[in-house]
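User: I am new to this structure and would like to learn how to read it. Could you walk me through some features, one at a time?

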Amino acid sequence: MLQLIDKKHRWIVFLGILFFLTTFNLSNSNFVNLLFQIKSVEYNKTLFLEESLKAKAIDLLIDKNLFLLNKKNIKNLFFQNAWVESVVFKKKFPNKLYIHITEYFPVGYYKVKSKIYLINNNYSSSLFVNNIDLQHLVEFENIKNIKELEIFVNKLKLFNKILSKIKKIEYIHVDRWDVILKNDQLIKFGSYNLEEQAAILKFILKDKKIAMVDLRSRGQLVVSYGK
C-alpha cells in the first residue's frame, strides 16, 4: 500500500513540474532573473572589432541572467563586423561572462585613390587599421571583383606553396593575372588551366636568375633573365 502511495506522489510531483515548466515564463520571471545576474563582461583582445559594438553588447547583457542569454541576438550584433568569424560564450560563476571572439586575419590590401583597404581570409574588405603591418601582406592592384581574386588565390594555394612567396598580385583582365614574387620575379599567368601553368613554374622558378616568366600563350614559354 505504501509503495502505491509513493508512486502516486511521484506522478503528482512530476505533473506539477511539467505544468510549471509549460506555463511559467522563465525569461520574464523577476524571481529567476535575480539569480546569477551578469555584473561583468570580459573580452579577449581583438584587432578589428569596434569598441562601440563591445559596449553595446555589454549594455544588452548586464543584469541579465547568466543561464538565459539570448546568444543569437548578441552574435548577430558582432557579425555586423566583417572580421568576426566566431563568438563563444563562457560563464564565470556567479556573475561574470567571458566572450571569446575569433577574427579573420588579413591576407592583403589594395589602394583606391588615397585610401587603403584590407582584405581578410574571408575575402571581405575594410578600411586600413593603423596597427597592421602592410609589409607582411600581399598587395593587390587593379582589383575589380574581390570574388574573382578569391578564386584565383585559392587556386594558387594548391600549387607548390607559391602563395607564401608572393609580394603582389595584379588583375589585368578576366582570367589574366600578373604576380610578383618576394624575390621580384614576375609571372604573367595565362587565361587557361592554372594547374598546367603551375607545373611549369615548379621547375622554372628554381633558377633565381630568371626575372620574368610569360605563360600567356598556351604551349609557349617565354623567359627573360635579369642582369
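Predicted model: local features only at pLDDT ≥ 70, side-chain atom pairs only at ≥ 80, totals over all residues.

User: In which sense do strand 1 and strand 3 pair?

Analyst: Strand 1 pairs with strand 3 (residues 96-103) in the parallel sense, over 4 bridges. To find your place in the pair, look at Glu42, which stands opposite Tyr98 in strand 3.

User: Now the cores. Which residues touch the most other members of the largest nonpolar core?

Analyst: The general idea is that in soluble globular proteins, nonpolar side chains tend to be buried together. Here the largest nonpolar core has 29 residues, and Leu149, Ile169 and Ile187 touch the most other members. Elements giving two or more residues to this core include helix 5 (146-156), strand 8 (166-173) and helix 6 (194-204). Another core, of 18 residues, lies apart from it, with Tyr43, Leu66, Val84 and Val87 among them.

User: What is Ile187 in contact with, beyond its neighbours within four places in sequence?

Analyst: Its contacts include Ile162, Trp177, Val179, Leu201 and Val213, and also Asp178.

User: How do I read helix 6? Where are its buried residues around the axis?

Analyst: Leu194, Gln197, Ala198, Leu201 and Ile204 are buried in helix 6. They are on the same side of helix 6 because they cover an arc of only 125 degrees around the axis. On the other side, Glu195 and Phe203 are exposed. The cover over the buried residues includes helix 5, strand 10 (186-188), strand 11 and strand 12 (222-225). At the start of helix 6, a side-chain oxygen of Asn193 comes to within 2.9 Å of the backbone nitrogen of Glu195.

User: And loops? Where does Ala82 lie?

Analyst: Ala82 lies between helix 4 (71-78) and strand 2 (84-92). With a relative accessible area of 35%, Ala82 is partly exposed. Not counting residues up to four places away in sequence, Ala82 touches Tyr104, Asn120 and Ser124. Ala82 and Tyr123 are 41 residues apart in sequence and 9.3 Å apart in space, C-alpha to C-alpha.

How values were computed: Residues numbered from 1 in each chain as written. Heavy atoms only, no water. Buried < 20%, exposed > 50% of the residue type's maximum accessible area, 1.4 Å probe, protein only. Contact = heavy atoms within 4.5 Å. Pairing = 2+ DSSP bridges. Core = buried A, V, L, I, M, F, W, Y, C linked by side-chain atoms within 4.5 Å. Arc of directions from axis to C-beta. Polar contact = N/O pair within 3.5 Å; in protein donor to acceptor, adjacent residues only side chain to side chain.
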